[in-house]
Amino acid sequence: MIQTIATTPFTDQKMGTAGLRRKSKVVIQPNYVENFMQSIFNVIGDLHGKTFVVGGDGRFYNDKAIQKIIKMAAANGVAKLIIGQNGFMSTPAGSNVILKNKADGGFILSASHNPGGENGDFGIKYSNASGGQIPSSISDKIYQETLNIKEYKICNIDDINLSELGTQEICGMQIEIIDPVKDYVEMMQKIFDFSAIKKLFQNGFTMRFDAMNAVTGPYAIKIFEGILGAPKGSVVNYHPLPDFGGLHPDPNMVYAKELVDFMFSEQAADFGAANDGDGDRNMILGKGFFVTPSDSLAIITDNFKLIPAYKNGIYGVAKSAATSTAVERVAQAHNIGYYEVPTGWKYFVNLMDSNRITFCGEESFGTGSSHIREKDGIWAVLFWLNIIAATGKSVEDITREHWQKYGRSYYVRFDFEGVDTAIADKLMLDLENKLSQLPGKTMEGFIIADAGAFVYNDPVDHSSTKNGLIIRFTDGSRIVYRLSGTGSSGATIRVYLERYSKTNLSADPLKMLTEIFKIAMAISEIPERTGKHKADVVT
Ligand code: G16
């Protein structure tokens, strides 16, 4: 039944910040998924005795791609696949299943927060036995393999029925279909104080969770409405749909508009939250109030003692360089380890494995802990609910009290999307060359303290990664420039701005950052070079 099929390489199968992401129309080309998967299998080498976890966020082509992966895994000698029922599994749940079963890795079929459907994006995230996504050293090898691939192996059998739980054998490989929600729920119950959160709802607390028609719907219904007793209707858009029902499952102030409008209306619930396509991102809202992901990480870290699983102490905390410095002040106050890594959750994995950190987070709506090796949307929501249950305070009060204690990092990200790749690359190169001349200069009343590329030297595997350019001012303000690594076409230039104030705690973030924005544009020449005088997305 095993066939060897001749193929020719695609030249665009280089993984980005988190796996391979391309337009669905590109991925559905004959042999596209096959080439990519065979390249991974070739790089792994001997697959005999190995177990992998497979699932996805249910987007268009999830069902087709998963069948290909099953048939190819069997043909390549994989011993066992653990698959989410109907091919569904969130990214955090997948990480948990890998770790719990001591599997050799896993594949989550998702383009994360990117839109889905035939005209949207598709993607494949590949994790190893750590439960986290592979380091760049391995993804580089896989990319080289994709450029040289000549054939792939596949079992010539009918599609497998993925709706029945249980074990079966195909082509000499074992398949176990599991309930993707069960293990995840059990893990959350071990971390948080479910009875305190349950009491909160019994006392009339209200929430709205927007699953954005993506993978977390079934998890959220089970946990929030089922176990914790949130009123029926608290979870909305909970049916995972191939095109996310036309929603763009990116939980931020722009794309989670339905939730944001509701939370800023008269009818607002006490608490609002959303997750992204594959359930690793989160957005936290109070009544008429938005918590930036950078502040959320700082607040979560400051409150670790309120959570059963962390109350005895945490190792430390890490953030991506582009994330605001709010959590740095918390780490100093608690005298715990503090690390700054490049953008990409995979950079946290070594720090967690070596017990250097417990919590980590990113400005891109990702927060998580060492319970798994991916960011975790529902975990972050439960963390906030647990803080609220333990303190009896609102989201806004918790955040404002945090600012009183530590000061406030005003923080906004500006995305310039759909830029010609050559223009974006040249802009970053020229900018980097310019940075060494900037220190000491005064612009718009701000003095530049230092400027340069962000280079991370991993303390565990000693690899070195360069990602983004940073300008720091003498008052603690910062500008970070990066090219996104999660787009499916063209380039997106991200500009992250931050300004710290110890005393001015209630200003409008955009007003606070007016001058810094002007400086960021003047130095980079983004408007002149891209023709864009306004960012496409401001979050
Ligand atoms: C991925 C990574 C994150 C990263 C984000 C944004 O998230 O896992 O670590 O912060 O992309 O990356 P970029 O700025 O390069 O677009 P996800 O949720 O898309 O998998």
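**Close-up views of sheets, helices and a disulfide**

**Strand 15 (residues 316-320) and strand 17 (residues 359-362) run parallel and are joined by 3 bridges.** The view comes from a predicted model, in which local features need pLDDT of at least 70 and side-chain atom pairs count only at pLDDT 80 or more, whereas totals for chains, interfaces and linings use all residues. Residues are numbered from 1 along each chain as its sequence is written, and side-chain values use heavy atoms, with hydrogens and water left out. Helices (H or I, at least four residues) and strands (E, at least two) are DSSP runs numbered from the N terminus, and two strands are said to pair if DSSP finds at least two bridges between them. Within this pairing, Lys319 has Gly361 of strand 17 as its bridge partner. Cys360 has a relative accessibility of 0% and therefore counts as buried, a word that stands here for under 20% relative accessible area, with exposed meaning over 50% and partly exposed in between (1.4 Å probe, protein chains only).

**An open sheet of 4 strands has the order 16-15-17-18, with mixed pairing.** Strand 16 (337-341) and strand 18 (366-369) stand at the edges, and because each has a single partner strand, one side of each is left without a neighbour in the sheet. On average, and with direction ignored, neighbouring strands of this sheet are turned by 15 degrees against each other, where axes are lines fitted to C-alpha atoms, for helices over the stretch in contact, and angles run from 0 to 180 degrees between N-to-C directions. Helix 13 (residues 377-391) lies across strand 17 and strand 18, and runs at about 80 degrees to strand 18.

Strand 10 (residues 207-210) pairs with strand 12 in the parallel sense over 4 bridges, and Arg208 stands opposite Gly272 in strand 12.

**Helix 13 and helix 14 (residues 395-406) pack at an angle of about 90 degrees, and their axes are 10 Å apart.** The two helices are therefore roughly perpendicular, since angles of 65 to 115 degrees are given that name, while those under 35 count as roughly parallel, those over 145 as roughly antiparallel and the rest as oblique. From helix 13, Trp384, Ile387, Ile388 and Thr391 meet Val395, Ile398 and Thr399 of helix 14, where contact means heavy atoms within 4.5 Å.

**Arg400, in helix 14, is shown with the residues around it.** With a relative accessibility of 30%, Arg400 counts as partly exposed. Leaving aside neighbours within four places in sequence, Arg400 is in contact with Phe289, Leu505 and Ser506.

**Arg281 lies in the loop between strand 12 (271-275) and strand 13 (282-286).** Its relative accessible area is 8%, so Arg281 is buried. Beyond its neighbours within four places in sequence, Arg281 is in contact with residues including Ser112, His113, Asp250, Ser364, Phe365 and Lys375.

**In strand 6 (residues 121-128), 8 of its 8 residues are buried.** In a regular strand the side chains alternate between the two faces of the sheet. Asp121, Gly123, Lys125 and Ser127 point one way from strand 6, and Phe122, Ile124, Tyr126 and Asn128 point the other way. Strand 2 (residues 20-23) pairs with strand 6 in the antiparallel sense over 4 bridges, with Arg22 opposite Phe122. Strand 5 (residues 105-109) likewise pairs with strand 6 in the antiparallel sense, over 5 bridges, and Leu109 stands opposite Ile124.

**Cys155 and Cys171 form a disulfide, with their sulfur atoms 1.9 Å apart.** A disulfide is here a pair of cysteine sulfur atoms within 2.5 Å, and by this rule the count comes to 1. The link of Cys155 and Cys171 is left-handed, with -105 degrees about the S-S bond. Cys155 belongs to strand 7 (residues 151-155), and Cys171 to the loop between strand 8 (166-170) and strand 9 (173-178), 16 residues apart. With a relative accessible area of 2%, Cys155 is buried.
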